[in-house]
Amino acid sequence: PLSYDERHNINMVIDYRYGSGKQYNGPRWFGVNVFERTGVNVQSSIVSGRPYSQRTTALEIGEGSNGFEGAINGSRRPWRNNVDVRIDKNFKVGPTFLNVYLTVQNALNTRNVIGVFPVTGSPTDDGFLSSLQGTSAIQNISETREGIAANELAYLDSYDWRITQSFGFSLPRRIRLGLLFDF
């Protein structure tokens, strides 16, 4: 399989709109058609994980990894899902319309895995610190510097920070408010 292969891609779109005038069938509050020219749109997608090539040996950040385990692109990342919601209302302003909308991307705030480290298959652990090379690097820090515990902790903290700043997860929930003029 190619690196962008997605065997399954399931999409769903639900769009519900209230009409205006005689076509309005929504609630009336104090004689006002509250949801006149209002709509809700929900888009959902579920996608199977893309392939990646499993590696055998983890190297320090920036050095990559070496040796394949299994076939090229023979492993798969986890499935991911997403739900986006848009609520909008049209207002008639003279001969034009003003559309006010609220869009919520990743409405469920799902933490989708979009990238994994090739040795572990995890988005949060590259496998280096637990490897023979990683334990050797930590031991070298302890043996060659004063303030052993502080330097070792600083190295581990900075390494952990670098791993968590990786490419592993999709963006969190984002909310946008906007205006459109239709003329």
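This is a predicted model: local features need pLDDT of at least 70, side-chain atom pairs count only at pLDDT 80 or more; totals for chains, interfaces and linings use all residues.
Local features need pLDDT of at least 70 and side-chain atom pairs count only at pLDDT 80 or more, while totals for chains, interfaces and linings use all residues. Residues are numbered from 1 along each chain as its sequence is written, and side-chain values use heavy atoms, with hydrogens and water left out.

**View 1. An open sheet of five strands.** The strands follow the order β1-β4-β9-β10-β11, with antiparallel pairing. β1 (9-17) and β11 (174-182) each have a single partner strand, so one side of each edge strand is left without a neighbour in the sheet. From one strand to the next, the twist averages 15 degrees. Strands are DSSP runs (E, at least two residues), and two of them pair if DSSP finds at least two bridges between them.

**View 2. Strands β4 and β9 side by side.** Here β4 (residues 38-47) runs antiparallel to β9 (residues 80-93), and ten bridges join them. Look for valine 42, whose bridge partner in β9 is valine 85.

View 3. Valine 40, in strand β4, is partly exposed because its relative accessibility is 36%.

**View 4. Asparagine 112 in its loop.** This residue lies between β10 (96-105) and α1 (132-144). Asparagine 112 counts as buried, at 7% relative accessibility; buried means under 20%, exposed over 50%, and partly exposed in between (1.4 Å probe, protein chains only). Beyond its neighbours within four places in sequence, asparagine 112 is in contact (heavy atoms within 4.5 Å) with Arg80, Asn81, Gly168, Phe169 and Ser170.

Terms used:
Helices (H or I, at least four residues) and strands (E, at least two) are DSSP runs, numbered from the N terminus. Axes are lines fitted to C-alpha atoms, for helices over the stretch in contact, and angles run from 0 to 180 degrees between N-to-C directions.
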